[in-house]
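Please keep the sequence and the model in view while reading.

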Amino acid sequence: MRLLLAEDDLGIAEYTRTKLEAEGFIVEHMTSGPEVWAEGETGDYNAIILDLGLPGMDGLSILKRWRAAGLDTPILVLTARGSWMERVDGFDAGADDYLPKPFRSEELVARLRALLRRAGGRPKSVVTAGRFVLDDLARRVTYDGQALELTPLEFRLLALMIAEPGRVFDPLQIARHVQGRDDDQARNAVEAMIGRIRRKTDADAIETRRGFGYVLLDDKP
Ligand code: CA
């Protein structure tokens, strides 16, 4: 499940991103209005979390443009506390749900899941990449049809890479996603995890691009 998180308050964004990633979501975070507008329209997201007060272009304008362009991605709007006008305007502009700040991460996750269920009947939880099949809801990964025994961190690492086959991930980028930190220790842990996943699958299930990072390819038979 890929989410676009559009929030220019870095404290709220970091808190939200950490909680969402712990729930298994893949989160792209952006702060600038024009960037959010372009990315939301072209990127492939299961849902978008949109703060209305963004620099450069406000959230309501972005939302109206998206809907006018036919974007049907579920959108949850974040509003300032007690601002019922923002809520009404948000729904008018095409928001699917709203959440006033400050909010608890548990409520955000519950609302997102409800939104995804309503949008797709059931959330699209099964993703295939090469010989890997990941079932997000069951928190299970198979390789050539065989279920893998994974730790939660190994699962998060694979979920990140299976969502974007062909993309080379820097070890620090993986560490930040999987462990929430990107120091040398976390980087070493990522390398150890990749080694363990290879032993559970194949030596070339995850390839090394020397000097760049790791990639999981989609073109395996
Ligand atoms: Ca804001």
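The text below takes up the ion site, then the helix packing, and then individual residues.

The structure is a predicted model, and every value given here is computed from it. The calcium ion has as its protein donors D8 and D51, each through OD, together with G53 through O, at 2.2 to 2.4 Å from the ion. Read along the chain, these donors follow the spacing D-x42-D-x1-G. D8 belongs to the loop between β1 (2-6) and α1 (10-22), whereas G53 belongs to the loop between β3 (47-51) and α3, so that the pair ties together parts lying 45 residues apart in sequence. D8 is partly exposed, with a relative accessibility of 32%, and G53 is likewise partly exposed, at 43%.

Helix α3 also takes part in a helix packing. Helix α2 (residues 33-42) packs with helix α3 (residues 59-68) at an angle of about 20°, and the two axes are 10 Å apart. Because of this angle, α2 counts as roughly parallel to α3. The crossing of the two helices, α2 and α3, is right-handed. On the α2 side the contact is made by G33, V36, W37, G40 and E41, which meet I62, R65 and W66 of α3. By residue class, the contact of α2 with α3 comprises four nonpolar, two polar and two charged residues.

| Residue | Relative accessible area | Class |
|---|---|---|
| D8 | 32% | partly exposed |
| G53 | 43% | partly exposed |
| Q173 | 25% | partly exposed |
| T73 | 10% | buried |

Is T73 buried or exposed? With a relative accessible area of 10%, T73 falls under the 20% limit and is therefore buried. T73 sits in the loop between α3 and β4 (75-79), and, leaving aside residues up to four places away in sequence, it touches Y45, N46, A47, I48, R67 and D96.

Q173, by contrast in setting, is part of helix α7 (residues 171-179). At 25% relative accessibility Q173 is classed as partly exposed. Again leaving aside residues up to four places away in sequence, Q173 touches R167 and V168. The C-alpha atom of Q173 is separated by 9.9 Å from that of V190, a residue 17 places apart from Q173 along the chain.

Terms used
Residues numbered from 1 in each chain as written. Predicted model: local features only at pLDDT ≥ 70, side-chain atom pairs only at ≥ 80, totals over all residues. Heavy atoms only, no water. Axes fitted to C-alpha atoms, helices over the stretch in contact; angles between N-to-C directions. Helix = DSSP H or I, 4+ residues; strand = E, 2+ residues; numbered from the N terminus. Parallel < 35°, antiparallel > 145°, perpendicular 65-115°, else oblique. Left-handed = near helix turned anticlockwise from the far one by under 90°. Contact = heavy atoms within 4.5 Å. Nonpolar A, V, L, I, M, F, W, Y, C, P; charged D, E, K, R; others polar. Donors = N, O, S within 2.8 Å, 3.2 Å for Na, K, Ca; no water. Buried < 20%, exposed > 50% of the residue type's maximum accessible area, 1.4 Å probe, protein only.
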